[in-house]
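Here is a short briefing for a first look at this structure. Keep the sequence and the 3D view open as you read.

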Amino acid sequence: MTSTWIDTLLGGPLPAEGGTLLRRERTLRMSAGLLRDLAVTDVGQAQTRDAFAFKWSRRDTYQSEAMRTAIGAWLAERYGDLIAKLGDNGGRPALVLDAGCGAGNAASLLFAPRWRDMRYVGVDISTAVDIARETIAAATSECAFLQADLMALPFEDGLFDIVISEGVLHHTPSTRDAILATARLVRPGGLYAIYVYAKKSPVREFTDDYIRGLVSGLDGQAAWDRLMPLTKLGQALGELDIQIDVPEDVEVLGIPRGKINLQRLFYWHVCKAFYRPDLTLDEMNHINFDWFTPTYSHRQTPDEVRSWCEAAGLVIETLRKEEAGITVVARRPAG
Ligand SMILES: C[S@@+](CC[C@H](N)C(=O)[O-])C[C@H]1O[C@@H](n2cnc3c(N)ncnc32)[C@H](O)[C@@H]1O
């Protein structure tokens, strides 16, 4: 833990190194300076955790200026300024939970202009949280971290002003249950901001599951290596830079008519093989690895996400559907 106020959030003093704390039927152990609850629900979640621990440990594949600029712009476009959207917070810094903070990549980009106005709690099921602590503690002292499963966090309902979960909830056994488990933590009047994967066209859905079946059983390095030829194919298609004109909607394959770059046609409708000219091959492979390797990687429809947010008692303020995913900013109605 970096800050002292985390003990207030957990309702009591933190244990010393090696000691434990029991909260909401979870046992958290203080280990290497962080409280950790290492229990996982099943083997799929354990594999998903390990896949992310591997990919976030490869810092050289996601921290370049080009990658950070692209992701930072995309985050800002989808969420805007969440602290401003929260509105009046009684003069207190906003208490923000980042559920599935990974290595703190999204938080370090999205909240960079706002660290002074918030207290940040990062939670991740994997050891990526240790990297997040290093990264975010360099930007703000008002931060605390926990290694735990977001499905069973040791916090009381309504504790946070903002809960954000960027690209995480679909990596649990059930996106619906993950929404319910994290939305309960938003206080009345507080904000809930999430991004989950969207369902794609049928052949792409097939290859997603097919390739995931091939690589999710491998160890991190073997999966990384097995995906590299696909990444090179995406690069070769992208470098062609060819536009084609799909003459009519191909309804049976979910392909709309109109002009589309050949690599994008392959990417959206046949198989994810990421390409951006300003990224290195390793950075592109990192993106493909992120997609194919975790056992849990559900895709949802806007109607599903809408209905689950509503079931959690939230009112949706914006829902943005892109080909890749669905971003929701919702609020728990005030008292
Ligand atoms: C694609 S990464 C996103 C990380 C971060 N939100 C970002 O955008 O930079 C997904 C993260 O979710 C975490 N995760 C998956 N299942 C989780 C769970 N049940 N509880 C907490 N974290 C989980 C993974 O360990 C991984 O770091």
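A hairpin of 3 residues joins β11 to β12. The two strands pair in the antiparallel sense over 6 bridges. Bear in mind that the model is predicted.

**The hairpin and its sheet**

- β11 covers residues 315-321, and β12 covers residues 325-331.
- Valine 315 has a bridge partner in β12, and that partner is arginine 331.
- β11 and β12 belong to an open sheet of 10 strands with mixed pairing.
- Read across the sheet, the order is β1-β2-β3-β6-β5-β4-β7-β8-β12-β11.
- Which strands stand at the edges? They are β1 (20-23) and β11. Each has a single partner strand, so one side of each is left without a neighbour in the sheet.
- Neighbouring strands of this sheet are turned by 20° against each other on average, with direction ignored.
- In a regular strand, side chains alternate between the two faces of the sheet.

- β2 and β3 pair in the antiparallel sense over 3 bridges.
- Arginine 29 has arginine 36 of β3 as its bridge partner.
- The loop between β2 (26-31) and β3 (34-36) holds alanine 32.
- Alanine 32 is not a glycine, yet its phi is positive, at about 50°.

**A helix across the sheet**

- Helix α3 takes in residues 65-79.

**The cavity**

- Rolling a probe the size of a water molecule over the atoms shows where empty space is left.
- How many cavities of 30 Å³ or more does the structure hold? It holds 1.
- The volume of the largest cavity is about 40 Å³.
- Its lining is made by Leu75, Asp98, Ala106, Ala107, Leu110, Phe111, Ile164 and Glu166.
- α5 (105-110) and β7 each supply at least two of the lining residues.
- The largest share, 3 residues, comes from α5.
- By class, the lining has 6 nonpolar, no polar and 2 charged residues.

**Helices α9 and α10**

- α9 and helix α10 (residues 262-269) pack at an angle of about 145°. Their axes are 7 Å apart.
- From α9, the contact uses Leu233, Gly234, Leu237, Gly238 and Leu240.
- From α10, the contact uses Leu262, Gln263 and Phe266.
- The contact has 5 nonpolar, 3 polar and no charged residues.
- Glutamine 263 lies in α10. Is glutamine 263 buried or exposed? Its relative accessible area is 2%, so it counts as buried, the cut-off being under 20%.
- Leaving out residues up to four places away in sequence, glutamine 263 touches Gly234, Leu237, Gly238, Ala273, Phe274 and Tyr275.

- Aspartate 241 sits in the loop between α9 (220-240) and β9 (243-246).
- Aspartate 241 is not a glycine, but it has a positive phi of about 55°.
- Aspartate 241 has a relative accessible area of 59%, so it counts as exposed, the cut-off being over 50%.

Technical notes: Residues numbered from 1 in each chain as written. Predicted model: local features only at pLDDT ≥ 70, side-chain atom pairs only at ≥ 80, totals over all residues. Heavy atoms only, no water. Helix = DSSP H or I, 4+ residues; strand = E, 2+ residues; numbered from the N terminus. Buried < 20%, exposed > 50% of the residue type's maximum accessible area, 1.4 Å probe, protein only. Pairing = 2+ DSSP bridges. Axes fitted to C-alpha atoms, helices over the stretch in contact; angles between N-to-C directions. Contact = heavy atoms within 4.5 Å. 1 Å grid on protein atoms, 1.4 Å probe; cavity = no way out; pocket = protein on both sides within 12 Å on 5 of 7 lines; lining within 4 Å. Points joined across faces, edges and corners; volume = space filled by probe spheres on them. Nonpolar A, V, L, I, M, F, W, Y, C, P; charged D, E, K, R; others polar.
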